[in-house]
Amino acid sequence: MLKIWTDGSCLGNPGPGGWGFIATDGVNIAERCGGEKNTTNNQMELTAVIRALTAAKKHKEIEIHTDSQYVKNGMESWIKNWKKNNWRTADKKPVKNKELWQKLDELASQIKIHWVWVRGHNGEEFNERVDDLARTAAESYK
């Protein structure tokens, strides 16, 4: 099974932001990162997973490691009700980052995903590395 670590970073929120992911099949390791000039932390967290799943589309089963409760909870529980309620939250407000959630939902529907929450800044090697990738990408957009 392919294992992927993702992270997003933003300097200012909104401000310059970066995303990063690391993927490994246990033998090979790939790293990717990028960013935007004006974005938010949540947008970069979502973008990191979108970019990772896009790059890994030939795989049928993936384990995503994220320190973002926003992404994990969104995909495991909130999104069902958002779709049922025409992309509105429980308090009837439009879902923030709707287009990114829709893209992520589309990609996730084609792959079996196991979501794993990782405590950020806790010394876990790949989580620390992907944090560095995202932060470095964000700094390059200052």
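Modeller: Let me begin with aromatic pairs: rings of Phe, Tyr and Trp (its six-membered ring) pair if their centres lie within 6.5 Å, and planes under 30 degrees apart count as stacked, over 60 as edge-to-face and the rest as tilted. A search of the whole structure finds seven aromatic pairs. This is a predicted model, in which local features need pLDDT of at least 70 and side-chain atom pairs count only at pLDDT 80 or more, while totals for chains, interfaces and linings use all residues. Residues are numbered from 1 along each chain as its sequence is written, and side-chain values use heavy atoms, with hydrogens and water left out.

Biologist: Why is the pair of tryptophan 5 and phenylalanine 126 called tilted?

Modeller: The ring centres of tryptophan 5 and phenylalanine 126 are 4.7 Å apart and their planes stand at 55°, so the pair is tilted. Helices (H or I, at least four residues) and strands (E, at least two) are DSSP runs, numbered from the N terminus; since tryptophan 5 lies in strand β1 and phenylalanine 126 in helix α4 (residues 125–139), the pair ties together parts that are 121 residues apart in sequence.

Biologist: What makes tryptophan 5 count as buried?

Modeller: Buried means under 20% relative accessible area, exposed over 50%, and partly exposed in between (1.4 Å probe, protein chains only). Tryptophan 5 has a relative accessible area of 5%, and therefore is buried; phenylalanine 126, with 18%, is buried as well.

Biologist: What makes a set of residues a nonpolar core?

Modeller: A nonpolar core is a set of buried Ala, Val, Leu, Ile, Met, Phe, Trp, Tyr and Cys residues joined through side-chain atoms within 4.5 Å. The largest one here has 29 residues, and among those with the most contacts inside it are Ile4, Trp101 and Leu104. Its largest share, seven residues, comes from α1. Apart from this core lies another of five residues, including Trp5 and Phe126.
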